[in-house]
Structure formats: structure tokens, C-alpha cells
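The exercises below are to be worked with the sequence and the model side by side. Each task is followed by a solution in steps.

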Amino acid sequence: MSEFQEKNGVLHVEDISLEKIAETYQTPCYVYSKHAIIRNWQAFQHALPAPHRAFYAVKANSNLAILQVLAEQGAGFDVVSGGEIARVLRAGGKAQDIVFSGVAKSDAEIRYALDVGIGQFNVESAAELERISAIAAELKKTARISLRVNPDVDAKTHPYIATGLEDNKFGIPMAEAIGTYQRAAELPALEVVGADCHIGSQLTETQPFLDALERMLRLVDELAEHGIPLRHIDMGGGLGVTYQDEQPPAVADYIAALLARLQDYPHLSLYLEPGRAIVANAGVLLTRVEYLKSNGFKHFIMVDAGMNDLLRPSLYQAHHDIVNVRASDAPVITGDVVGPVCETGDFLGQQRSLAVAAGDLLAVKSAGAYGFAMSSNYNSRPRPPEVLIAGDQSYLIRARETMDDVWRGETLVPKG
Ligand code: LLP
């Protein structure tokens, strides 16, 4: 059941119409469905009984209220910075439920993570391993660690979001994995608990995950022969969603395929780090048409949201469905849906056919993941508010920025 349904010709989120939301909070505005997030989360939770576990990838949408909703569901959290650790704790998540996957963790971040007592570090390099060991020893703590290895499989996704090929910057090359684990086993203040990988994002097939799992299990076997037993294997995030006509595997099927392969490994628990699959289809970006314009051979539908609000179309040529919030009998226009930012690449959709007039509200769909999280103040545009809908209630979970927010921290210099 989708929480985004048309009722009486108007698109609703749960029980509230997007017209009502625009009236209350103005546009542009991110709108999320609490029930959709919970439903998506529970699909993972049900398919992954303990000791297996899912950790929500905070980077996809790190609003405190969203983290709170997930913490109330008992979620674990996959974080990539000290800032994300702080957010999880602020939202009521527990430190021991955090895995820290940052790509180049600083001294300060490692110290902070150890101080608050996070569950484990996913370690990205041999040098980082040495650093974590030294800091943990100094703090008289033990850091539980997994090594992020690079399984060198092709995730068959957009090159910017494929992370498991050997020429990517992520993880430790498979060929160096055993040696690095041996080093980890002899370093002080470390406890080796697992192995970790993440091959990419928006995957629409199960096979690349199974290929990666195969390589990870080969590593697990070899490590056991070297007297380094592992307790869990973390296959990262990456399950795709439907933006347009993609048909990713159902959560239950993808997890069942992984667990089936793990049957011969009863002592190994499976960790997953879903981000997009939890929040992407639980959110829309609500925007209003400012002007219709034609340059003689091309039409433009000019809206009040731009690439600073939703970067994915500009950065990855990502497709997001765009619909008129109210069924309209205006003439159908085929053109680009563009924002107010001074860049040719500022579009939300290209060559879309929409029955639309100036003043109409449009919903840019599947915008809950990597939407607000990647927004910026480019062109001195205050970032939009975020609103969470639960049934017939709406909650402003992030206020629209003011110009004071935009220039916070900036100062003028003495004259002359
Ligand atoms: N774990 C690790 C270590 C990751 O690097 C990522 C995403 C995830 C989990 C979550 O992946 P997901 O389940 O969301 O696919 N900005 C891009 C996506 C970048 C993903 C980066 N890593 C986009 O808008 O498509």
C-alpha cells in the first residue's frame, strides 16, 4: 500500500493533501510519510531475525525526527562521520547500536566514537587500523573492528555510486585483506569481530550481492584457517528502489538469497546497511510552478525548487517522477522541469509531459533519500523545510531556513 495516493483528484501523503501541506508550509518543501518509513524498515527487520541485524545508513536522510522514528523501531545505525554519530545520539539512538563506516576517519572522530562507546568501526585502510589501535590504547578502551574489504565486483549501477570495483577509493584490496587482519590481530586495544563491504547503491539485481558474498565467505574461510574467526559479515547497503520502471528484488527475497548462502555458516550473523530502501520512496519534494516559458523550440516548466534542493538529477542524471498534485485539464506541455538556480544543469526532470499551468503544485517523487541530505545554500537559497506526516497529523521536523541561517558564522571586516 502506498502512502502517496490520489484522493478526489489531489495527491495525498497519508491522510493529508499536498495542497494543504503547501498552504501550511509553503514551497519548496520536503514531505515524508512516517508509516512508509516504518513499513520499509520493518521489511528488513522481519527478514533479518536476530542475531542478524540491519543498520540504517544515516547519510540517506539524517533528519533527527527520522532517526528518532527508526530508533523507536530498535534500528541500528550506519554512520560515516562524527556528525552522524552526534545526530543518532541526539535522536535517542544508542551508541552501541552504531557502526562507523567513515572513509577517512579523523583523530577527533575516532576519539569521539570511542568515548561514547559505539558498537564497531568498519575500518577502511591499514593506516586507519593503526590509528584506531593507538587511540583506543591511549584511552584504555577496546575498539571492535571489521575491515572493509573491496570485493571487486561490478554493481552495474551509475559509476558515481558504484563503490566495490578495485579502482574505487573504498576499502582494503582483497589481496591485502589477510595480511591486514593478521596485523589487526596483533595490534593492542582491538577486537576483530567481522568483515564488511559495500559494493554500490541503487542495485536492481541480487546477483552482484551474491557474487560479493561469495568472495567475502572465501575470506572468512581463509581467516578461520589463520586462526582469526569472524562473528559477522556486513554486506553494506545498496538495494535499489523504483524511481521509474526499475524492478529491484523485494527486500524479503534479497535477504532470503543472502541468508540461504549463509546456512553453512551458523556462527556468522549478517549485517546490512540500507539507506535508500528505507526512505527514498517515503518522501516527495513539493514545488510550485512559477512560470511556463518557451524559447520557440523548447518548453520549460520553471519551478521554485532547484538543484540546491535536490541535486540527484543534475549530478547523476537521476530520474524522479514528477506529477501534478491536482489532476489538471490544462494543455499538456512536454518540456524540462527546471529550477531557479543559475546553472544549465539545474533541472529536476527533462522532456516531461505534464498537464500544467503556472501556479500549480508539482510533487517530485522518491525524494526521501539523498534529497535534503545533499541540499545546499548555493545561490544563497535558504534550504526548504522538512515535514513528517503521520496519519492526519503533520510535523515540521526542520524549519525553512532564514537568511540568518544562511549567513550564520559569516562576518564583515573593518571598512577600508
Ligand atoms: N553503507 C555504506 C558503507 C555506504 O557507503 C552506503 C552509501 C550505504 C551503506 C547506503 O547505501 P544505500 O542503501 O542507500 O544504497 N548520493 C547517491 C548515493 C550515494 C551512496 C553512498 N553510500 C545518490 O543519491 O544516489
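**Exercise 1. The overall fold**

Among contacts in the protein between residues at least 6 apart in sequence, what percentage join residues at least 24 apart? Describe the secondary structure, dimensions and burial as well.

Solution. The model is a predicted one. Step 1: of the contacts between residues at least 6 apart in sequence, 70% join residues at least 24 apart. Step 2: the protein has 12 helices and 21 strands. Step 3: the globule rule gives 22 Å for 416 residues and the radius of gyration is 23 Å, close to that value, so the protein is as compact as a globular protein of that length. Step 4: the C-alpha trace spans about 70 × 65 × 40 Å along its principal axes. Step 5: 45% of the 416 residues count as buried.

**Exercise 2. The annotated lysine**

Where does Lys-59 lie, and is Lys-59 buried or exposed?

Solution. Step 1: the unreviewed UniProt entry places the feature "modified residue: N6-(pyridoxal phosphate)lysine" at Lys-59. Step 2: Lys-59 sits in the loop that runs between strand S5 (53-57) and helix H3 (64-72). Step 3: a residue is buried if 20 or more other C-beta atoms lie within 10 Å of its own. Lys-59 has 20 such neighbours, so Lys-59 counts as buried. Step 4: leaving out residues up to four places away in sequence, Lys-59 touches Val-80, Glu-84, Gly-275 and Ala-373.

**Exercise 3. The surroundings of the ligand**

How many residues surround the ligand, and which domains give residues to the shell?

Solution. Step 1: the ligand is surrounded by 21 residues, and the closest are Ala-57, Ser-201, Gly-237, Gly-275 and Tyr-370. Step 2: helix H10 (276-279) and helix H11 (312-316) are the elements that give two or more residues to this shell. Step 3: by type, the shell divides into eight nonpolar, nine polar and four charged residues. Step 4: residues of the shell come from both domain 1 (4-32 + 280-406) and domain 2 (102-272), so the ligand lies between the two domains.

**Exercise 4. The annotated binding site**

At which residues does UniProt place the feature "binding site"?

Solution. Step 1: the unreviewed UniProt entry gives Arg-276, Arg-312, Tyr-316, Glu-343 and Tyr-370. Step 2: these positions span 95 residues in sequence and their farthest two C-alpha atoms are 27.0 Å apart, so they do not all gather at one spot.

Step 1: Arg-276 is found in helix H10. Arg-276 is buried, because 27 other C-beta atoms lie within 10 Å. Apart from neighbours within four places in sequence, Arg-276 is in contact with Ala-60, Ser-201, Gln-202, Val-241 and Ala-369.

Step 2: Glu-343 is in the loop between strand S17 (332-338) and S18. With 14 C-beta neighbours inside 10 Å, Glu-343 counts as partly exposed.

Step 3: Tyr-370 is in the loop between strand S19 (361-364) and strand S20 (386-390). Tyr-370 is buried, with 24 other C-beta atoms within 10 Å.

**Exercise 5. Backbone geometry**

Which peptide bond has an omega near -5°, and which has an omega near 10°?

Solution. Step 1: the bond from Thr-27 to Pro-28 is cis, with omega near -5°. Pro-28 lies in the loop between helix H1 (18-25) and strand S4 (29-33).

Step 1: the bond from Ala-50 to Pro-51 is cis, with omega near 10°. The loop holding Pro-51 is the one between helix H2 (34-47) and S5.

Step 2: Gln-351 is not a glycine, yet has a positive phi of about 50°. Gln-351 belongs to strand S18 (residues 347-355). Gln-351 counts as exposed, because 11 C-beta neighbours lie inside 10 Å.

Step 3: Tyr-370, also not a glycine, has a positive phi of about 55°.

**Exercise 6. A buried strand residue**

Which residues does Leu-272 touch, not counting residues up to four places away in sequence?

Solution. Step 1: Leu-272 is in strand S13 (residues 269-272). Step 2: Leu-272 has 28 C-beta neighbours inside 10 Å, so Leu-272 counts as buried. Step 3: Leu-272 touches Phe-44, Leu-48, Ala-54, Met-235 and Gly-237. Step 4: Leu-272 and Asp-78 are 194 residues apart in sequence, while their C-alpha atoms are 9.1 Å apart in space.

Notes:
Residues numbered from 1 in each chain as written. Predicted model: local features only at pLDDT ≥ 70, side-chain atom pairs only at ≥ 80, totals over all residues. UniProt positions renumbered as here; feature names shortened; annotations may be inferred. Helix = DSSP H or I, 4+ residues; strand = E, 2+ residues; numbered from the N terminus. Buried ≥ 20, exposed ≤ 12 C-beta atoms within 10 Å, placed from the backbone. Contact = placed C-beta atoms within 7 Å. Rg over C-alpha atoms; globule rule 2.2 N^0.38 Å. Near = placed C-beta within 6 Å. Nonpolar A, V, L, I, M, F, W, Y, C, P; charged D, E, K, R; others polar. Domains from an automatic or database assignment.
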